[in-house]
Amino acid sequence: MKATPFMVVQAAFAALLSRLGAGTDIPIGSPVAGRTHEALADVVGLFANTLVLRTDVSGDPSFTDLVTRVRRTDLAAFAHQDLPFERLVEALRPERSAARHPLFQVVLEWGDDETRALNSLADLPGLAVQPLRLNVEAAKFDLVLHLRPRYTVDDAPAGIAVDLEYSADLFDASTAARLGERLVRLLGAALAEPDRPVTDLDVLLDDERHSLLTDWAHTPAGPYAPIADGDTIVRRFERAAAARPHAVAVTGEDEQGA
């Protein structure tokens with residue numbers, strides 16, 4: 001399978017959002033340059049368009065299978081990137097709301113290395129260039145993941161720089177930071193075991209795991225037994241429910257649930 005780094009990150013991002021409760025059909029917006037025709041190569045102007053990349057996480061696929069799905073979907077979308085986004089919205093006629101984007105709420109954007117871009121401009125005679133950092137005052141989407149490849153002076157790959165833009169109405173800084181840390185954790189787990197189901201990939205941070213296994217693993221009746229490798233609280237709950245299907249499962253105020 002041949003997949004780009006963008007596709008791999010997209011698969012991990014979709015898997016993480018699904019694990020955090022976003023469902024199994026994850027639409028992700030992504031801008032494209034729109035210069036698919038040779039005649040536009042040297043034309044000055046903005047031809048950018050927006051694609052909607054739907055990621056199917058249903059059926060508990062392995063990370064390898066998920067990347068395969070992403071690759072197939074992305075290639076089909078890229079082949080039709082000339083279709084204006086506005087026409088797509090008009091054709092689909094989604095329910096509109098001023099509180100959200102009509103087709104997606106998260107964006108994944110793959111850009112160029114700013115240093116390389118500036119160096120190419122600096123080669124033009126009589127042109128002086130310098131980077132200018134813009135402060136974004138308002139978020140256009142709930143989440144935007146900006147990816148920038150990095151290179152050494154010898155033009156060798158040197159990783160990916162990541163910026164996470166978020167809506168302050170929905171997230172605070174610590175929540176957004178933890179989201180980024182979870183993405184890194186999930187990517188590491190997926191690359192270490194790509195054939196493992198995405199629902200089994202580790203997204204817990206070290207302090208969260210410690211809290212679950214120690215601070216929160218106590219009841220008035222005493223501590224639970226340590227969770228063995230490969231076991232989960234969900235699996236324990238399922239075994240307990242199967243063994244005592246009519247027992248009280250949840251008690252809250254004056255109500256009980258079985």
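**Notebook: helix 1 and its surroundings**

I began with helix 1 (residues 5–22), whose buried residues I listed as Phe6, Met7, Val9, Gln10, Ala11, Ala12, Phe13, Ala14, Ala15, Leu16, Leu17 and Ser18. "Buried" here means under 20% relative accessible area, "exposed" over 50% and "partly exposed" in between, with a 1.4 Å probe and protein chains only. Helices (H or I, at least four residues) and strands (E, at least two) are DSSP runs, numbered from the N terminus.

I noted the basis of the entries: this is a predicted model, in which local features need pLDDT of at least 70 and side-chain atom pairs count only at pLDDT 80 or more, while totals for chains, interfaces and linings use all residues. Residues are numbered from 1 along each chain as its sequence is written, and side-chain values use heavy atoms, with hydrogens and water left out.

**Overall counts**

I recorded seven helices and nine strands in the protein. Of its 258 residues, 28% count as buried. I took contact to mean heavy atoms within 4.5 Å. Among contacts with a separation of 6 or more, 60% come from residues 24 or more positions apart. The accessible surface comes to about 17,500 Å², and carbon and sulfur atoms hold 55% of that area. Accessible areas come from the Shrake-Rupley method with a 1.4 Å probe, and for residues only the protein chains shown count as cover.

**Packing of helix 1**

I then asked what the buried residues of helix 1 pack against. The partners are strand 1, strand 2, helix 2 (63–78), strand 3 (106–110), strand 4 (143–151) and helix 5.

For the helix pairs I used axes that are lines fitted to C-alpha atoms, for helices over the stretch in contact, with angles from 0 to 180 degrees between N-to-C directions.

With helix 2, helix 1 packs at an angle of about 115°, the axes being 9 Å apart. On the helix 1 side the contact involves Phe6, Met7, Val8, Gln10, Ala11, Ala12 and Ala15. On the helix 2 side I found Phe63, Leu66, Val67, Val70, Arg71, Asp74, Leu75 and Phe78.

With helix 5 (residues 173–192), the axis of helix 1 comes within 9 Å and crosses at roughly 115°. Helix 1 meets Leu179, Arg182, Leu183, Leu186, Leu187 and Leu191 of helix 5 through Val8, Ala12, Phe13, Ala15, Leu16 and Leu20.

**Backbone checks**

Just after helix 1, I found Gly23 with a positive phi of about 90°. Asp60 is not a glycine, yet it has a positive phi of about 50°. I located Asp60 in the loop between strand 2 and helix 2, where it counts as partly exposed at 35% relative accessibility. Arg93, also not a glycine, has a positive phi of about 50°. It is found in the loop between helix 3 (85–92) and strand 3. Arg93 is exposed, its relative accessible area being 71%.

**Salt bridges**

I counted a salt bridge where a side-chain nitrogen of Lys or Arg lies within 4 Å of a carboxyl oxygen of Asp or Glu. The structure holds six of them, and I looked up the following pairs.

- Arg54 pairs with Asp25, the closest N and O atoms being 2.4 Å apart. Arg54 is in strand 2 (residues 49–56) and Asp25 in strand 1 (residues 25–32), so I recorded a link between distant parts of the chain, 29 residues apart. Arg54 counts as exposed at 52% relative accessibility, whereas Asp25 is partly exposed at 39%.
- Asp202 pairs with Arg185, with 3.4 Å between the closest N and O atoms. Asp202 lies in the loop between helix 5 and helix 6 (206–215) and Arg185 in helix 5, so the pair ties together parts 17 residues apart in sequence. Asp202 is partly exposed at 24% relative accessibility, and Arg185 is partly exposed with a relative accessible area of 24%.
- Glu193 and Arg196 meet at 2.9 Å, N to O. Glu193 is partly exposed at 40% relative accessibility, and Arg196 is partly exposed at 32%.

**Surface patch**

Last, I asked which residues form a nonpolar patch on the surface. Trp110, Ile160 and Val162 do, with about 250 Å² of accessible area together. Patches are made of residues with over 30% relative accessible area and no salt bridge, like charges being joined within 9 Å and nonpolar side chains (Val, Leu, Ile, Met, Phe, Trp, Tyr) within 5 Å. I placed Ile160 in strand 5 (residues 157–166); at 40% relative accessibility it counts as partly exposed.
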